[in-house]
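This briefing covers pockets and aromatic contacts. Please look over the structure first, then read the points by topic.

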Amino acid sequence: MSLDPNSLIDEQKLNVNPENYSSDQEARWCPGCGDYSILAQMKKVLPQLGIPREKFVFVSGIGCSSRFPYYLNTYGVHGIHGRAPAIASGIKIANPDLSVFVITGDGDALSIGGNHFIHICRRNIDITVILFNNKIYGLTKGQYSPTSNKGMISKSSPYGTIENPFVPVEVALAAGATFVARTIDREPKHMVEMLTRAARHKGTSFVEVYQNCPIFNDGVYSELTDPKTKKDKLLIMEDGKPYIFGQDNNKALNWNCNNFEVMDVDANTDLDNLIKHEEHAGRAALEFMLVSMTINPDLPTPIGIFRDIKMDTYEDLLIKQINDVKALKGEGSLEQLFNSGNTWMVNGK
Amino acid sequence: MAKKNVQTLKSVTIRFAGDSGDGMQLTGSQFTNDTAILGYDLTTLPDYPAEIRAPAGTLFGVSGFQIQFSGQPVHTPGDSPDVLIAMNPAALKVNLKILKDNGIIIVNRDAFQARNLELAGYKSNPLEDESLTGFQVFPVDITTLTKEALKDSSLSVKEKDRAKNFFALGILYWLFTRSMDSTMEWIKQKFKNDPEYMDANIKALNAGYSYALSTELFATSFHVEKAQKKPGKYRNVTGNEALTLGLITAAKKADKELFLGSYPITPASEILHELSKYKNYNVKTFQAEDEIAGIGAAVGASYAGAFGATTTSGPGMALKTEFMGLAIILEIPLIIINVQRGGPSTGLPTKTEQADLLQAVYGRNGEAPMPVIAASSPADCFQTVFEAAQVAFKYTTPIIVLSDGYLANGSEPWWIPPIDSLPEIKVEYAKDPDSFKPYKRNPETLARMLALPGTPGLEHHVGGLEKNESGNVSYDSENHDLMIRLRAEKIKRINDFVKMPELVGPEKGDLLVVSWGSTYGVVRTAIEQLLDENKSVAGYHLRWINPLPKKLGEIIHNYKNVLVPEINLGQLIKILRSEYLVDAKGFNKVRGLPLNIKELRQAILDILKG
Ligand code: SF4
């Protein structure tokens, strides 16, 4: 979403209390579901954006995640399975003044809605897409999804899946989204930052949220959330900083022969010599290399911003084109419309 | 110079036919323009091969263009041509069977050499054997004569050859005692930056005219009588152009931006092409990634306050089905245009058919009532889509507008309505947070309250799950039953707003013909002919198929027999039978072509005989 960072926020007017964004509907996710955390963080983010509440429109598809709009007291459209990006595109193009979010899940965005998902990324319409990735179909009670780990046992894969999973961030990067990030339900502060950055980005922004489904896929991210393992397994990428992780911040990524390798660091290591994260660089090779760590068991899983680049938005280009044509041909009137082409008169007697 | 006669005719049907590369569509449309400017009534039908570049000389590569014109009202492009212009043997072979007895055939004799004859499957040259007896054949060396006329031109042989369609047009202008001014003007405009081409085409046109004038071959030319048409300004439009104009006009009259979400598909793509040119009319066109996203974006745009529309043909309708269900439960104004083509599946993409009617009326999951309106002629597409828009906003509903391949590409003069004569389309949105409930209804129309995102205090949720009046999800069984009945009742009430169709013929009698969509012209012509012959027959042409006209049940039972002609295997007839328990008979031809007047007349006469 766009925002002039210099504009002062009138806190009174803008309902900055997160609770001001609760609807009268009680959230109906299972107890312990990661979706509660995402909702709570979103309620903190929205009041900070400097956008009046009535300008927010949340559009969703079908699935556990897609109930999300009902629990916010903004405008909301609970659409059909996989098609939220299409509806949201129409809304944003028709009224660019609105601040439009798409709430989706791994099945919704990457299976049934895969086509819409890649095309919204490609067009760079100023919409924020948030994908709750629990690597399972929850609402339909436990079938494997397009992001499920290979070999996973589920209701529809009793002998283990034989399909390769999508890595959502990788798809978004490849499809050309101009802002791509990942966060996790158990890191609320990090999530607030990612959601805020995504919302403020002008162009299609994509945030994958690792979300635990305690009912059908419990613990799928436990390595990344368990205090015993998370420091070794989770890499928090920060702009301009080296990739440091590990129990005692004792590991770093090093760039060697076009590959990442893990090296030990200590107080004596010259951090300046290490490769640093550049979220604005837009260098595909590096972005994809970072993303590929997700499925490499020897490397930590990165969260943070993979890409944040500037590019004209679809709606800005469209409006510019309309204005250009108007400048060239003048504002069209029905008079002109009816009388263009080959016309002739038949006179009455 | 030979002495020539002029013969006067009431109405004429001409068919231009040749290879895709022979320029017959252009020749046809030039002749059409001239015909229109002269004040005749007319209807045209182009007939393209499905392949973009079909091999030259083959039967399936033949491209045709047919026009019927007259001083009297013309409702169809004509069953069988009086005049056939055949630029090669294949064009002759394909079209001969529909030509009128003793009809005129003008052929390009140069094209009748061994290779082309073989491609067309002729064992011997039809110009030299007996196979064309019963027709008036005029073999003209069009290629040679065109080359001769252009011998001073610096164009290549191939380029010169391309001008031969203008030579043929010149012959026709002479044959119908016309001046060539309109085409001259057009050539000068079109080729103003290409003086060589301009010169060549003008020379070819003149040469054709002079040739016809001077040769002994043509002894008679024709004059078609003119009659007074409704005074006013006219413009020739195809159905797709009329839909485009109608959409823009309706959006303007509703004071809204027009948003078209669409995906390319034959024969609906022209609407997308046309609308994308009209950016300065507050038109936003969105070429979506697929049919589904096309309607999805239109739903979103309509929700956000634009005039939302989507255009497609049969296969695309199948894909849009789920979104239509959403639009129905959202109760949101939306125009869904289906330019029907031959089905099922990919079927006959470039041909016409009426076989998507049941899909339009019933083809969704759940109780999903959808208003359906069908255009009856190319120019009528304008009024049809305009009326659909009025209803969509008044009753907060999506609407399916049915056109078809024949209307889409066919053309006729459109009487340009004075802009003030078209009503404003009133659209109301909720403003007051205290009284706002998303599914609170207008007691008269049952339209729901719409509120635009961006309006302070009216934040609410809509969606595919069943809602109660307050807009909250409701699994309550009584509420669901109520909402289903309300949505159905709302569509019925559209009848309070729309006009009933006009009954043609006596109010009681032996036979009522009930028709819909593009068969209007054929059915009307057949009925008018039979009424002239004092037959006890009447016609009722439906505009809205859902809801059906209030009085139709009554009307239908005033006749001993009911006949339903359709370009499908009997779809409207199923609806009428189930709605009115009437033993209606069908007249069904599914050939990818308009119905044939002669055949329909015969079917009517057979019923009248009993
Ligand atoms: S099924 Fe899983 S994802 Fe769905 S609400 Fe329950 S815990 Fe959350």
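**Charges over rings, aromatic pairs and pockets**

B:R448 places its charged end over the ring of B:Y439, 4.9 Å from the ring centre. The model is a predicted one. Another charge–ring contact has B:K230 over the face of B:W415, at 3.6 Å from the ring centre. Over all chains, the structure holds 35 aromatic pairs.

**Aromatic pair B:F176 and B:F222**

- This aromatic pair is tilted, with 5.9 Å centre to centre and 35 degrees between the planes.
- B:F176 sits in the loop between α6 (164-175) and α7 (181-190) of chain B, and B:F222 sits in strand β8 (residues 220-224) of chain B, so the pair ties together parts 46 residues apart in sequence.
- Both B:F176 and B:F222 are buried.

**Aromatic pair B:F307 and B:F393**

- The ring centres of B:F307 and B:F393 are 5.6 Å apart and the planes are at 45 degrees, so this pair is tilted.
- The pair links distant parts of the chain, 86 residues apart: B:F307 is in strand β12 (residues 307-312) of chain B, and B:F393 is in helix α14 of chain B.
- B:F307 has a relative accessible area of 1%, so this residue is buried.
- B:F393 is buried too, with a relative accessible area of 9%.

**Aromatic cluster in chain A**

- One aromatic cluster is formed by A:Y21, A:W29, A:Y36, A:F56, A:F58, A:F68, A:Y71, A:F101 and A:F132.

**Largest pocket**

- The largest pocket holds about 1400 Å³ of space.
- It is lined by 43 residues, and the closest to its centre are B:S376, B:S377, B:D380, B:Y520 and B:R543.
- Two or more lining residues come from each of α14 (380-394), β16 (411-415), α17 (520-532) and β20 (537-542) of chain B.
- α14(B) gives the most to this lining, with 5 residues.
- The lining of the largest pocket has 21 nonpolar, 12 polar and 10 charged residues.

**Second largest pocket**

- The volume of the second largest pocket is about 1200 Å³.
- Its lining has 38 residues, of which B:S29, B:N236, B:T238, B:E241 and B:E274 are the closest to the centre.
- Elements of chain B that give two or more residues to this lining are α1 (24-37), β3 (41-47), β9 (232-238), α9 (239-253), α10 (269-277) and α15 (405-409).
- α1(B) supplies the largest share, 6 residues.
- By class, the lining of the second largest pocket divides into 12 nonpolar, 20 polar and 6 charged residues.
- Domain 1 (5-223) and domain 2 (235-421) of chain B each give at least three residues to the lining of the second largest pocket.

How values were computed. Residues are numbered from 1 along each chain as its sequence is written. Chains are lettered from A and ligands numbered from 1 in the order in which they are written. This is a predicted model: local features need pLDDT of at least 70, side-chain atom pairs count only at pLDDT 80 or more; totals for chains, interfaces and linings use all residues. Side-chain values use heavy atoms; hydrogens and water are left out. On a 1 Å grid over the protein atoms alone, a cavity is a set of points where a 1.4 Å probe fits but cannot get out, and a pocket is an open set with protein on both sides within 12 Å along at least five of seven lines; lining residues have an atom within 4 Å of a point. Grid points are joined across faces, edges and corners, and a volume is the space filled by probe spheres set on the points. Helices (H or I, at least four residues) and strands (E, at least two) are DSSP runs, numbered from the N terminus. Ala, Val, Leu, Ile, Met, Phe, Trp, Tyr, Cys and Pro count as nonpolar, Asp, Glu, Lys and Arg as charged, and the others, Gly among them, as polar. Domain bounds come from an automatic or database domain assignment. Rings of Phe, Tyr and Trp (its six-membered ring) pair if their centres lie within 6.5 Å; planes under 30 degrees apart count as stacked, over 60 as edge-to-face and the rest as tilted. Buried means under 20% relative accessible area, exposed over 50%, partly exposed in between (1.4 Å probe, protein chains only). A charge sits over a ring if NZ of Lys or CZ of Arg is within 6 Å of the ring centre and within 35 degrees of the ring normal.
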